[in-house]
Amino acid sequence: MERVFLRQWVFAGHVSRVRNVGDYFLFTIGNESIAVIRGKDGNVHALFNVCRHRGSRICLEAEGNKRTLVCPYHAWTYATEGKLLAAPAMADGFDSSQFGLHKCHVRVVEGLIFICLGDTPPANEDAFRDWEIFLKPHGLTQAKIGKSMIWQVSANWKLVVENFGECYHCGPTHPEYCSVMAHALPDTHKANKHVGEFADLTAAWEAKAKKLGNLTGRVPHDLNAVHTCVRIPIKEGSLTASRDGRPVAPLMGSFADYDGGYTAGRLYPANYFVACCDHAVIPRFTPLSPQCTEVEMIWLVRGDALERKDYDLKNLTWLWKITTDQDKKIVDDNQAGVNSLAYQPGPYSQTEQGLARYTRWYLDQMQ
Ligand code: FES
Ligand SMILES: [Fe+2]
């Protein structure tokens with residue numbers, strides 16, 4: 001927590017959760033409770049949910065709307081931006097300006113709210129610029145949450161994130177994902193046949209997507225960068241990442257047509273997005289304790305789309321619901337094995353080299 005999560009940018013939630021002044025939600029990470037709130041000044045703030053009097057939690061409900069934040073203990077009252085407005089019966093000379101709520105750094109990137117709990121956030125300018133470029137066509141700022149689901153995984157966050165970061169397990173674990181996503185089998189086996197087929201598919205798709213003016217390819221070229229963004233084809237003939245390849249929701253953002261592309265990004269330590277032309281999935285990986293990690297999957301659809309009329313929740317969530325159920329199981333079992341006396345880390349395969357790089361970055365943070 002100290003060396004990684006309390007220093008880096010962490011995705012907290014989608015901006016639709018705090019559209020109106022006073023809207024807030026609580027984000028719990030490790031021992032910390034952060035109130036992410038839309039202030040009267042129009043900005044998103046992330047306030048430590050810790051009273052400056054004697055330290056009580058202030059907001060107790062997971063989400064809501066508040067004009068002011070009133071501590072339930074002795075009623076110190078704070079503004080939505082964190083300033084202390086009232087503190088009963090304090091002595092003359094009490095300077096309330098010194099007792100505003102402690103704040104996190106906040107950065108909103110294409111509708112995704114990132115916070116940094118540390119004093120000096122990493123710049124990550126290149127990363128956020130690339131995320132903006134790749135996310136812009138998807139229109140996530142105007143999106144709404146179609147559905148979100150939470151899994152409690154009985155494992156350390158690093159096992160959870162490493163699992164999400166490799167597709168070596170896709171073949172053995174995710175038959176559904178492999179049936180939808182053409183990259184999965186080549187990424188599992190590295191067999192020449194699969195790799196060649198995917199390269200051909202990608203070349204043909206890129207030519208079509210470029211004609212439509214859509215993004216393709218990968219940035220940055222430096223594999224040791226802390227972030228990556230990429231657009232790849234889903235599968236021959238598929239318009240979106242759904243069971244039958246057909247759309248599951250209305251087109252989002254500036255897409256004029258379904259181009260069959262899949263946009264994905266990551267930023268260390270644990271931030272990701274995946275997005276098709278008609279929906280996006282934002283995972284949120286949050287360490288709660290050494291062997292408990294919360295995984296939330298957030299499905300975004302166009303802001304004016306209506307459930308049942310424009311999208312069906314079963315179709316929308318099918319792929320990542322089933323895939324995350326499977327991932328929870330394998331990661332729970334992974335942690336159980338790692339806890340054994342006999343556990344020793346084994347060598348990574350060729351398709352897990354991203355994890356080797358990630359582990360080197362992690363060790364750098366620990367030094
Ligand atoms: S602890 Fe919050 S008002 Fe006393
Ligand atoms: Fe998986």
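The following dialogue reads selected features of a predicted model.

Q: How many helices and strands are there in the protein?
A: The protein contains eight helices and 17 strands.

Q: What radius of gyration would a compact globule have with 367 residues, and what value does the protein have?
A: The general idea is to set the computed value beside the globule rule. For 367 residues the rule gives a radius of gyration near 21 Å, and the protein has 22 Å, which agrees with a compact globule. Along the principal axes, the C-alpha atoms fill a box of roughly 80 × 55 × 35 Å.

Q: Among contacts between residues at least 6 apart in sequence, what percentage joins residues at least 24 apart?
A: The figure is 63% for this protein.

Q: How do the axes of helix α2 and helix α8 cross, and is the crossing left-handed or right-handed?
A: A helix pair is read from the approach of the axes, the angle between their N-to-C directions, and the handedness. Here the axes of α2 (residues 157-164) and α8 (residues 353-366) come within 10 Å and cross at roughly 145°. The crossing is right-handed. On the α2 side the contact is made by Trp157, Lys158, Val161 and Glu162, and on the α8 side by Leu355, Tyr358, Thr359 and Tyr362. By class, this contact has five nonpolar, one polar and two charged residues.

Q: Where do cis peptide bonds occur?
A: For each such bond, one reads omega and then the place of the proline. One cis bond joins Val219 and Pro220, with omega about -15°; Pro220 sits in the loop between β12 (217-219) and β13 (227-233). Another joins Tyr268 and Pro269, with omega about 5°. The loop holding Pro269 runs between β14 (261-267) and β15 (271-275).

Q: Which residue other than glycine has a positive phi near 60°, and is it buried or exposed?
A: Ala89 has this phi value and lies in the loop between β8 (84-86) and β9 (103-109). Its relative accessible area is 82%, so Ala89 is exposed.

Q: What is the phi of Glu110, and does Glu110 count as buried or exposed?
A: Glu110 is not a glycine, yet its phi is positive, at about 50°. This residue is placed in the loop between β9 and β10 (112-116). Because its relative accessibility is 12%, Glu110 counts as buried.

Conventions
Residues are numbered from 1 along each chain as its sequence is written. Chains are lettered from A and ligands numbered from 1 in the order in which they are written. This is a predicted model: local features need pLDDT of at least 70, side-chain atom pairs count only at pLDDT 80 or more; totals for chains, interfaces and linings use all residues. Side-chain values use heavy atoms; hydrogens and water are left out. Axes are lines fitted to C-alpha atoms, for helices over the stretch in contact, and angles run from 0 to 180 degrees between N-to-C directions. Helices (H or I, at least four residues) and strands (E, at least two) are DSSP runs, numbered from the N terminus. Contact means heavy atoms within 4.5 Å. Ala, Val, Leu, Ile, Met, Phe, Trp, Tyr, Cys and Pro count as nonpolar, Asp, Glu, Lys and Arg as charged, and the others, Gly among them, as polar. The radius of gyration is taken over C-alpha atoms; the globule rule is 2.2 Å times the number of residues to the power 0.38. Buried means under 20% relative accessible area, exposed over 50%, partly exposed in between (1.4 Å probe, protein chains only).
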